[in-house]
Every structure is written in C-alpha cells, then in structure tokens.
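Okay, everyone, let's get going. I'd like to walk you through some helix packing and then a spot flagged in a database record.

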Amino acid sequence: MMTYHSKPVNHKGFVDWDPEEDAIWHDLVVRQQSVIRSRACQAYLDGLEMLNLPLDHVPQLPEINRVLLRETGWQVSPVPALINFDRFFALLAEKQFPVATFLRRREEFDYLQEPDFFHEIFGHCAMLTHPDFAAFTHIYGQLGKNATPQQRAYLARLYWFTVEFGLVNEGNHTKIYGGGILSSPGETIYSLDSPIPTRERFNVHNVLRTPYRIDIMQPVYYVLDDIRQLYQLSQTDLMGHVEQAMAAGLLPPLFTPKEETHA
C-alpha cells in the first residue's frame with residue numbers, strides 16, 4: 001500500500017522541502033557516507049564528488065541536472081511515487097531518470113520499499129555521470145520501451161542485478177555500483193562482507209533468469225569484470241538474450257516465496 005506521495009515541483013523545478021526533511025537528508029547522507037567510502041566503486045565516488053551534494057539541505061533537481069547534462073546528457077525527471085513500466089522505459093529512452101520527490105520518514109530510515117529521493121539521488125545519480133553506465137541505461141530504456149510485457153519482466157531482472165544491486169571488480173577487490181545497495185547501509189555492508197549471499201561472475205543469461213524479491217537482502221549478486229562491461233553488453237543483441245532466457249525459463253529461486261513468510 002502506498003504511504004508516500006511526491007511533493008509538488010514548481011515551474012523552476014524546485015521542491016519546497018521543510019526543515020525536518022532537510023535534517024533527514026543530512027542524517028541519511030552522513031550515515032551512508034561512513035559506510036560507502038571503502039566499498040563503492042571509483043566511478044560512483046567520482047560521480048558523487050562531481051554532484052557535490054549539500055549536507056545541510058535536500059538538493060534541488062536543477063542542481064543535479066546541471067552536472068548530469070554536462071557529463072552525459074542525462075537529466076532527472078520528477079515523478080509520482082510509483083510509475084508504470086510504460087512511463088519508466090519512456091523516460092529512460094529519453095535520458096531522463098525518474099525521481100520521486102518525497103523522503104522517507106525517520107521510522108523507516110533503514111529500509112523503504114518505495115524508492116525515495118535519497119535512493120534515487122544519492123544511490124543512482126553518481127553513476128549516471130559515467131559514460132558507460134549512462135549509455136547502458138539509455139539503451140536499456142529504448143529496448144524496454146518497445147518490449148512486450150513478458151520481455152519487460154525479464155529486462156527488469158537485468159536492471160535489478162546491475163543498476164540496483166550490481167557489484168564490480170576493481171583490481172583485487174569487489175566494489176559496489178548498484179544504487180539499491182549504495183542507498184542502504186545494511187546492504188552496503190552485507191553485499192560485500194556477509195558470508196551468506198553468493199557472488200557470481202556476471203553472466204547475462206543467468207541474470208535474466210534469476211528471480212528476486214524486493215523486500216529482503218539479496219541472496220545472490222552478480223559481479224562485473226569492469227564497468228565498461230555494461231556498455232559492451234548494451235552493444236550486443238540484448239533482446240536476443242531475452243528471448244533465449246524466456247525459452248529457458250527461470251532459475252530456481254534462492255529465497256522463500258513471499259506468501260510463505262506470512263504463515
């Protein structure tokens with residue numbers, strides 16, 4: 001059930017954030033900065049430096065857009081709290097990243113099912129300054145815009161295990177680039193340090209066939225050899241991979257089905 005609603009955006013692209021929201025933003029950023037420094041990939045850290053996000057107040061969309069437009073031609077676009085696949089893919093196809101203009105409440109600091117402003121801006125926008133990541137996301141949107149509902153379900157898994165929950169090798173270390181991880185202090189630590197999940201080398205066929213749940217720590221992460229691999233992937237016949245994955249069917253889930261957790 002939706003409990004959040006996006007705040008209105010005025011004609012200049014500004015949101016009227018209140019002092020409590022400014023304080024929540026400050027506390028979220030400070031807490032997350034303390035855990036990502038040694039765990040986020042260099043492309044993300046470089047992008048975060050470019051964005052130069054304020055600490056004392058919630059940033060405004062035009063400030064983010066100036067950096068993204070300069071670096072990769074992207075923009076953030078304000079949306080209601082949840083949008084359908086048609087709108088989502090259409091925006092990405094136009095190099096517009098959807099951002100819901102609401103912040104989580106203090107009682108939901110650790111986990112929020114709906115993607116809020118902190119998740120979208122702090123989690124995702126730094127990577128959108130990277131040309132390879134930005135190009136992959138753009139082509140992903142173009143493909144999804146023209147895909148069937150069943151194809152989109154498979155494409156959603158690709159997005160989940162890259163843009164949201166992707167890991168990447170840097171030298172002898174595994175680092176994080178997925179925004180779903182980088183906006184969560186618990187999963188930032190869990191994804192790299194916990195012995196519970198498996199970390200598999202990225203394989204697009206397996207990724208497209210791997211079921212996931214949005215309300216648990218991930219049982220499996222896929223690790224890129226390099227961020228450039230995303231751009232290389234975008235230059236392949238991705239929809240051909242989707243068709244092969246659809247023919248093969250899903251892999252067995254590595255989690256308990258949701259309905260069984262409420263017995």
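So, which residues in α1 meet which residues in α9? On the α1 side we have R31, Q32, V35 and I36, and they meet P185, T188 and I189 in α9; contact here means heavy atoms within 4.5 Å. By class, that contact has four nonpolar, two polar and one charged residues. (Ala, Val, Leu, Ile, Met, Phe, Trp, Tyr, Cys and Pro count as nonpolar, Asp, Glu, Lys and Arg as charged, and the others, Gly among them, as polar.)

Quick housekeeping: this is a predicted model, where local features need pLDDT of at least 70, side-chain atom pairs count only at pLDDT 80 or more, and totals for chains, interfaces and linings use all residues. Residues are numbered from 1 along each chain as its sequence is written, and side-chain values use heavy atoms, with hydrogens and water left out.

Back to the helices, which are DSSP runs of H or I, at least four residues, numbered from the N terminus. The axes of α1 (residues 19–36) and α9 (residues 185–193) come within 9 Å and cross at roughly 10°. Axes are lines fitted to C-alpha atoms over the stretch in contact, with angles from 0 to 180 degrees between N-to-C directions. That's why α1 and α9 are roughly parallel, meaning an angle under 35 degrees.

Now the database spot: UniProt, in an unreviewed entry, places "binding site" at H119, H124 and E164; such annotations may be inferred rather than shown by experiment. These residues span 46 residues in sequence, yet no two of their C-alpha atoms are more than 10.0 Å apart, so they gather at one spot. H119 is found in helix α5, residues 117–125.

Technical notes: Helices (H or I, at least four residues) and strands (E, at least two) are DSSP runs, numbered from the N terminus. Angles under 35 degrees count as roughly parallel, over 145 as roughly antiparallel, 65 to 115 as roughly perpendicular and the rest as oblique.
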